[in-house]
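Please read this briefing alongside the sequence and the model. It is written for someone who is meeting this structure for the first time.

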Amino acid sequence: MTLADPDLEFHHVGVACTDIHAEAARLAPLGYAVEGRPFVDERQGVRGMFLGGQSPRLELLESLGSPDVGLLSPWLKEDTKLYHLSYLTHNLPQAIERIRAARAKLVVEPVPAVAFGGRDIAFLMLPNRILIELIQAE
């Protein structure tokens, strides 16, 4: 049995949407409410917002352009809403290497993210096709 990585702290579930405001309204009856302000990340080509008040925290993401083009298009084309699982780490390079050692593929190199005040994030695809986002903790 493998023990959980003590450096990884669960942060949120990413949800691919065509309209983050409509999606937030659909989730409100479950106790979710907008946390903070919506954000735009030009580098990643997404607009997003976090929802809290319920567990797990959700990050709603929509493409800045057409839903048929861009980062989210593979998920939206398949009608897949759950986009990624996200974890905070205190050492992003080491966390990447530990997850890669488990046969994960690094699909997005570390890049600053607007949603996290410019802290680096990276994405890895696990062998079971679950996308993992790692966020450099403060």
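This is a predicted model: local features need pLDDT of at least 70, side-chain atom pairs count only at pLDDT 80 or more; totals for chains, interfaces and linings use all residues.

Residues are numbered from 1 along each chain as its sequence is written, and side-chain values use heavy atoms, with hydrogens and water left out.

**Nonpolar cores**

- A nonpolar core is taken here as a set of buried Ala, Val, Leu, Ile, Met, Phe, Trp, Tyr and Cys residues joined through side-chain atoms within 4.5 Å, where buried means under 20% relative accessible area, exposed means over 50% and partly exposed lies in between (1.4 Å probe, protein chains only).
- The largest nonpolar core has 18 residues, and Leu72, Tyr83 and Ile121 are those with the most contacts inside it.
- Two or more residues of this core come from each of strand S3 (46-52), helix H2 (73-77), strand S5 (82-89), strand S7 (120-125) and strand S8 (131-136); helices (H or I, at least four residues) and strands (E, at least two) are DSSP runs, numbered from the N terminus.
- S7 gives the most to this core, namely three residues.
- Apart from this core lies another, of eleven residues, including Ile20, Leu27, Tyr32 and Leu60.
- In soluble globular proteins, nonpolar side chains tend to be buried together.

**Leu72 and Ser63**

- With neighbours within four places in sequence left aside, Leu72 is in contact (heavy atoms within 4.5 Å) with Ala16, Val46, Leu61, Glu62, Ser63 and Tyr83.
- Ser63 belongs to strand S4 (residues 58-63) and is buried, at a relative accessible area of 11%.
- Not counting residues up to four places away in sequence, Ser63 touches Cys17, Gly45, Arg47, Val69 and Leu72.

**Aromatic pairs**

- Rings of Phe, Tyr and Trp (its six-membered ring) pair if their centres lie within 6.5 Å, and planes under 30 degrees apart count as stacked, over 60 as edge-to-face and the rest as tilted; a search of the whole structure finds five such pairs.
- Phe10 and Tyr87 form an edge-to-face pair, 5.5 Å centre to centre with 80 degrees between the planes.
- Because Phe10 lies in strand S1 (residues 9-16) and Tyr87 in strand S5, this pair ties together parts that are 77 residues apart in sequence.
- Phe10 is partly exposed, with a relative accessible area of 37%, and Tyr87 also counts as partly exposed, at 21%.
- Trp75 and Tyr83 form an edge-to-face pair, 4.7 Å centre to centre with 80 degrees between the planes, and both residues are buried.
- Phe39, Phe50 and Phe116 form one aromatic cluster.
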